[in-house]
Every structure is written in C-alpha cells, then in structure tokens.
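Hi,

Here's the structure I said I'd pass along.

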Amino acid sequence: EGVDEADVVKTDGRYLYVLGNDNQKISFVDTKDELTEIHSISMEENQYVQEFYLLPNEKKLIVICSFYNREAEDGSTYNMARMIWDPSITQVITYDVSDIENPREIGKVEQSGSYTSSRLSDGYVYLFSRYNAGGDIAKDEPELYIPMVNEKLIEAEDIYLPLVDKGCMYEVITSIDVDEPDKAKDSKAVFSNGGQLYVSNNNIYCYETEWAYTNKTEKTKICKIAYNNGKLEAV
C-alpha cells in the first residue's frame with residue numbers, strides 16, 4: 001500500500017490508456033458509449049514503451065521507455081570498435097493529459113541501461129535500470145564504464161561498491177519528482193552482478209545470488225537503499 005507499480009493498461013474511470021502490442025503506441029479509449037479510440041501517443045523509431053503510470057488527479061501520464069541504438073558522435077549506432085557493451089537508455093517521459101485529445105510532453109529524464117523496474121511513491125517515480133560495464137574501456141573515457149543520467153556522469157560519491165568478489169554491471173536508481181518531470185531529483189548506482197529488487201514504503205532492497213564455483217555454494221546478498229522525498233541513501 002502506498003507504493004504503486006506501472007502497468008500496460010490504466011484507467012481514470014472513463015478513459016482507458018492501453019499499450020499496443022508493438023510497444024510503440026498508447027491508445028486513449030473512451031468508454032462512455034462504445035470503446036472508441038479518441039487519440040494516441042506514438043513513440044520514435046527504436047523507442048519502446050515498457051510500462052506507464054496514470055495520475056488522474058494531476059492529469060499526467062508517466063511513460064517509461066527503452067531506447068536502443070542511439071547514434072554516437074561519429075554517426076555509428078553501436079560502436080563495436082570500442083566495445084561499448086550497453087548502448088541502451090531508459091527514459092521517463094511525462095505527458096499532460098488534461099486535454100485528452102491534445103496531450104503535451106512536459107518532461108523527460110533518461111539514464112543508462114536497460115529497464116528493470118520502477119515504483120511511484122509519495123509523488124516520486126523511482127526508476128531502475130541495469131547498465132553493463134566493460135569492454136575496451138579507457139581511463140580518460142569514463143562514459144564507457146560509468147552510467148549517466150540526463151547525459152551527465154553519475155558522481156563518484158553516488159556510486160556504491162558493495163564488498164563482493166566481482167561484478168559486471170550497475171543497478172542505476174533515479175528519483176523523479178512528478179511536479180518537476182524534466183529533472184532527476186537524485187541518482188545512485190550500485191555495482192553488482194544483477195539481481196532482483198523489492199520496494200517497501202521506506203526502502204529499496206536489491207538482492208542477488210553470488211555463486212562460488214570452487215565449492216559449489218551460493219549466497220544471497222542484499223543491499224538496502226533508503227528513500228525519502230526523492231533522496232536516496234545506502235544504509
């Protein structure tokens with residue numbers, strides 16, 4: 001209770017908001033008389049809707065998208081020469097749907113990595129993506145191995161390195177105030193091997209399995225991130 005999860009169908013009581021099978025179109029359907037599509041939102045090429053939230057009182061539709069094959073500065077879409085492992089981007093795009101036949105984009109926040117999950121709590125969206133690090137990295141090119149939020153590298157003090165034997169990816173966590181949908185309130189990155197997460201009313205729990213191939217044992221490791229009004233802190 002109090003922690004909402006995104007979905008592919010939402011309703012405000014009259015209108016249905018429905019994600020199409022191609023994941024590139026959200027239809028607005030009027031249910032007053034018959035099921036009639038009165039408008040829709042279509043995504044760009046290589047941009048796919050994963051899930052979305054509807055805030056009926058605020059008249060906002062918050063859409064979570066995965067964006068692939070963004071062009072690099074040299075014009076390439078996937079820089080195999082430099083072995084960038086993870087060119088995917090996860091986006092949160094907010095629309096004003098107060099005029100349902102004329103929705104307006106009012107903000108966008110994006111971060112490195114492929115979408116894993118999200119939550120909505122107390123007026124903040126918490127976005128999770130998984131960013132693979134590695135390949136032909138260079139010390140003077142941190143964008144090859146450090147995740148970004150709104151095209152800015154996450155600061156060193158916001159990157160957490162748990163005491164694990166090894167890791168190959170980050171769980172990137174960003175909070176977004178629904179009243180300021182074009183800004184990231186806070187961001188953290190947790191180095192990991194990838195796992196699952198659970199969100200309570202006050203904390204985010206990232207958990208993963210650590211395998212020991214030498215003695216064939218396994219452990220579950222848990223990382224706890226507290227959140228409050230959009231601020232994130234590893235505890």
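Arginine 119 counts as buried, at 9% relative accessibility (buried is under 20% relative accessible area, exposed over 50%, and partly exposed in between, using a 1.4 Å probe and protein chains only). Its side chain meets that of glutamate 5 in a salt bridge, 3.9 Å from N to O (a side-chain nitrogen of Lys or Arg within 4 Å of a carboxyl oxygen of Asp or Glu). This pair links distant parts of the chain, 114 residues apart: arginine 119 sits in strand 9 (residues 114–121), glutamate 5 in the segment before strand 1 (9–11). Strands (E, at least two residues) are DSSP runs, numbered from the N terminus. Glutamate 5 itself is partly exposed, at 47%.

A quick word on the source: this is a predicted model, where local features need pLDDT of at least 70 and side-chain atom pairs count only at pLDDT 80 or more, while totals for chains, interfaces and linings use all residues. Residues are numbered from 1 along each chain as its sequence is written, and side-chain values use heavy atoms, with hydrogens and water left out.

Searching the whole structure turns up 11 salt bridges. Another of them joins lysine 188 and aspartate 158, at 2.7 Å N to O. Here too, distant parts of the chain are linked, 30 residues apart: lysine 188 is in strand 15 (residues 186–192), and aspartate 158 is in the loop between strand 12 (152–153) and strand 13 (159–160). Lysine 188 is buried at 8%, and aspartate 158 is buried at 16%.

Then there's aspartate 96 with arginine 104, at 2.9 Å N to O. Aspartate 96 is buried (17%), whereas arginine 104 is partly exposed (48%).

Cheers

Conventions. Helices (H or I, at least four residues) and strands (E, at least two) are DSSP runs, numbered from the N terminus.
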